[in-house]
2 protein chains.
Amino acid sequence: MDVKQLKHLPLADVQITGGFWKERQETISDVTLYAVRDQFEKTGRFEAFECEYKEGNAIKPQCYWDSDVAKWIEAVAYSLLYHPNEELEEDVDQLVELIAANQQEDGYFNIYFMVVEPGKRFTDRNAHELYCCGHLIEAAIAYDMATGKRKFLDCMERYAALIDRVFRIDGSASFCTPGHPELELALMKLYRYTQNETYLKLAEYFINTRGTKEEQSLTDWCNEKYAQDHAPLREQNTAEGHAVRAAYLYSGMADVAYETKDSELFEACRRIFSNIVDKRMYITGSTGSSHMGEAFTVDYDLQNETAYAETCSALAMAWFADRMTALEPNGRYADIVELELYNGGLSGISLDGKSFFYENPLSIDPKLRNRDVSVKEQAHYPITQRLEVFGCSCCPPNVSRFIASVGNFIYQYDTDTLYVNQYIESDTLTKVNDETISILQQTRYPANGKINLQLVATKLKRIALRIPGWCRKFTVTMNETEMTPNVENGYIYLDIEPGVTEIELLLAVYPRLVAANPSVQEDANKAALMMGPVVYCLEGIENGINLQSLQVDAQAKFVPSFEQNYGVNIITAKGYRTVRPVKEALYYDLDERQQVPQTLHFIPYFAFANRGESEMTVWVSVK
Amino acid sequence: MDVKQLKHLPLADVQITGGFWKERQETISDVTLYAVRDQFEKTGRFEAFECEYKEGNAIKPQCYWDSDVAKWIEAVAYSLLYHPNEELEEDVDQLVELIAANQQEDGYFNIYFMVVEPGKRFTDRNAHELYCCGHLIEAAIAYDMATGKRKFLDCMERYAALIDRVFRIDGSASFCTPGHPELELALMKLYRYTQNETYLKLAEYFINTRGTKEEQSLTDWCNEKYAQDHAPLREQNTAEGHAVRAAYLYSGMADVAYETKDSELFEACRRIFSNIVDKRMYITGSTGSSHMGEAFTVDYDLQNETAYAETCSALAMAWFADRMTALEPNGRYADIVELELYNGGLSGISLDGKSFFYENPLSIDPKLRNRDVSVKEQAHYPITQRLEVFGCSCCPPNVSRFIASVGNFIYQYDTDTLYVNQYIESDTLTKVNDETISILQQTRYPANGKINLQLVATKLKRIALRIPGWCRKFTVTMNETEMTPNVENGYIYLDIEPGVTEIELLLAVYPRLVAANPSVQEDANKAALMMGPVVYCLEGIENGINLQSLQVDAQAKFVPSFEQNYGVNIITAKGYRTVRPVKEALYYDLDERQQVPQTLHFIPYFAFANRGESEMTVWVSVK
């Protein structure tokens, strides 16, 4: 399939003005950025940039700390676009000064290898060295874009040039490609931002080299699939290994395919994307079902209670899917972005913006957390309450930058068409091709399905509106005339006239039960409730204990009601609880069973575990 | 509660003459004893008794080998009672010669500590040293009982005397109580067989000491609950730690309670038994749901796919339950013996008697065995096919001695009543109190529920017949007169006249669906099919893939038909398979779901995995 080259609008031109995401962006700016900053201060992550660590110091920088802070800087940068904040900007400026001051003569910058293991740079593929560089590059671009302050970016360009020399030109490092991919997509961002082809060449080198050479293995408990090293990337068919790293890598692949119009690489991305979405993804959009290595396992192995489903895996999938839209305007990609936005990505942060989940199980039974009564910490069950800090703190700043830059997901365009991928209340004034256009989007989506768009443009020929894959009914009017377009690959295309175009799109957003492929044995004869893109769950708080004993009535009337605190609806429905008259015995004849009516109270999955420890389940037995 | 003291009949007096267990006993004698012998020869277990190991030799004896061979000897001994076999008897005689020749001056005998770590005897609580002694004692008693050859028993009495001196009198060992309990019950057996009170005292010492002293911990990955060391035994309320060791320990406790009429200890046994049976036991009777340490976990944590459920845990539960009957004639104990006989115990051996399961999962999805695509051997899923040999080969000889001595479970008696605990075709001529009685039992149970008993006795006053807990309807005639006795604690009591008593008991044995307590979340809204004491399962072979997508109709007609190969019925019933028209996508709207009628083919659980790798499930969704 040919590579298309849709473009994004500059993030700075897209202002989120209200609704679901405005509230979340404000929470990031007002609460989360500070909460993460405080944790990073407490844990010594900021101080580490002073590069004054000496052996024996109480706090030793870890090899991934640069990336934690870089993601926080990136989040601050995006936040500055809609929420100026001198204090945080000053914090970042100070960090940038430290980076500039401590960067080595030849451009190298990595705290761990400068102060903890000096002399060992580029020797350990598993030490997150290039991964840290990638995040620093992303942060530097974001900060330059948001503030016009180029110092950080200059540093990072010098570092990127060094890496190009060491890895691509000289081949003098102890390994060939990043152990933790991410640098590839960062280099592509840097190439696009600077138009310096060195970065494109280096990214291409990493993408084309991976899986073709004998490579340093990562650890003793994994094989080459863990790092996607098992075959040349363009020959791979399935998503393998560490789910977060994998999706970053696939994002970099997609970027290279885009810039080089490499249809072979694009086809590999398509195969891998399909493998994930059709066989290896939780209904919440999360991936990586095994806690060992946060890894993909086999098709249809999507266990709920022990789901690893790292927050970052959902974020990374959104970024991968968004890149796929640019290569092929097919609604299935933006559908996945949407799924991540409202579920597996968002569930990683508490409603108050202060605490986080690393893992995002689809079922919680608190008693199982303590099942290892007589053996020490053997069973792996995810934590049941969000935490304020993690040793490995990738998710908190990652979900911050994700939410702060949600405007990136809304629009793309090509020579004649504006694609509306996400329905998010926003006000946009931007340049598209060679004209200035404005787009006003008003909506309370996904609380309801009404979206009003006002487009002012002269040369654009068409607007393409995504009709979500879950949506079975919609109406659309343009300038008050009802239109009846066909859905083509997930979009309706409307021809527009120069001037003002007023569109009203009504997507039928209603509660619906969703089943899983019968090969997902965990979910057999169960259903998940969704409303629009939002996945729901039951918590013990309203629904009592033993949630698996509940049944939802497939014919029930599902009653939504808007809940301000969540920004979407909560839903009630008639259901049943399986009980028995005599409670003591473990097993009893089925005909003693009684099914007692019980109203089921569903809340959005992203809001689970915000009210203390409780049972939770996404999948509910169907009566 | 007061301790009763029911007695067992001598095993030699109870001949299994036909039906279900006759076939299995013949398989043990004709096939299994040879199969296990061959494996033990191949692996050097027999040769080890020559005690000629030197460092550097290819084969190093393991610390549990004595016990493996001891259980095989015990099984041979029981087999000789119904199936004379000069070849195997000679094999045992040779082993006994080696034991006698290599036993140390002071009575010590343990191959590992004599040849691999000499000088370290009684220093490592985790080295199965006393456990091996226990099994050697059991084997020696069995061999003397079966053959009248006392040499082995003489050796073991000397060894027991040494242990008494070291542990009870001198307290000179590095630990106080067995790391792997078993010796306690063996000493009680030895006391009953020899009437030497030393053994009773030593057993009492071990039982009363456990949990009262600072004790050597077993390994670094467990705590004191793992070895039931967390409290004095008479204060314990829950079953903890290694499930097999625990049940052996509880058996020893029950034996001491019996002989000493210790009602406090008996009450502890009752509490623990209830905790297991009411909260921690699979429907198959197996226990120990965690693969880490084969351990008990928390109440209602009975996961099917990852069930450890070691074969020996089911056997040990049968022995514990049988001892409880002797303390308190309540049918719930013999119900559990029966459950183990036809399910979790029997499932450990293949139909042909040649291969074995260590673990007995209640659900198999073969694809999950290979879920660790990119990380090495992390997930724990039980094997899906029986093996001919294990490194730790406790189960094969254990299930052999279990089946060869099944006659032990049938009867118990007190001063005036004969208790019929199990319905097994058999012919018994024995002495009870001070008269000789004969009991002829004819039945094809559990294929059907008709049991004919002919009792000839003069002084016995009553016969008590167990009415299984699962049985809702029965009729009983005595000397052609229909009787209408009440069921008291699981038994009906019939007063008998001197002379011949003819009894016909008809238990209503029909297929029935059984549910689990709602707290067992894994089994919620599912049911297991049972017929009499036999638990059934579905295998992929007849029922296709994705067994969890099947539903059984609670109102269905279940059609049993006798299957010679299994010795019980197979059962078919109407059910449904949940399918969807379009197969590709992972998630789809529930209303696209179709439920297609499908006949479900149930086979007895004990027969699973006898026809190649296949999916399997005990618990089936209920429509």
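1. Copies of a chain are superposed by least squares on the C-alpha atoms of residues with pLDDT of at least 70 in both. Here pLDDT is the predictor's confidence in each residue, from 0 to 100. With this superposition, K623(A) is the residue of chain A that comes closest to the rotation axis, at 3.7 Å (C-alpha).

2. The model is predicted: local features need pLDDT of at least 70 and side-chain atom pairs count only at pLDDT 80 or more, while totals for chains, interfaces and linings use all residues. Residues are numbered from 1 along each chain as its sequence is written, chains are lettered from A and ligands numbered from 1 in the order in which they are written, and side-chain values use heavy atoms, leaving out hydrogens and water.

3. Chain A has an average pLDDT of 95, and 99% of its residues score at least 70. For the complex, the predictor gives an ipTM of 0.94 and a pTM of 0.95.

4. Chain A is superposed on chain B by a rotation of 180 degrees with 0.0 Å of shift along the axis (RMSD 0.0 Å). This is therefore the relation of a two-fold axis. The same surface serves both copies, since 100% of the contact residues of chain A (contact: heavy atoms within 4.5 Å) recur in chain B.

5. Helix 10 (residues 263-279) and helix 12 (residues 331-342) of chain A pack with their axes 12 Å apart, at an angle of about 50 degrees. Helices (H or I, at least four residues) are DSSP runs, numbered from the N terminus; axes are lines fitted to C-alpha atoms over the stretch in contact, and angles run from 0 to 180 degrees between N-to-C directions.

How values were computed:
Helix = DSSP H or I, 4+ residues; strand = E, 2+ residues; numbered from the N terminus.
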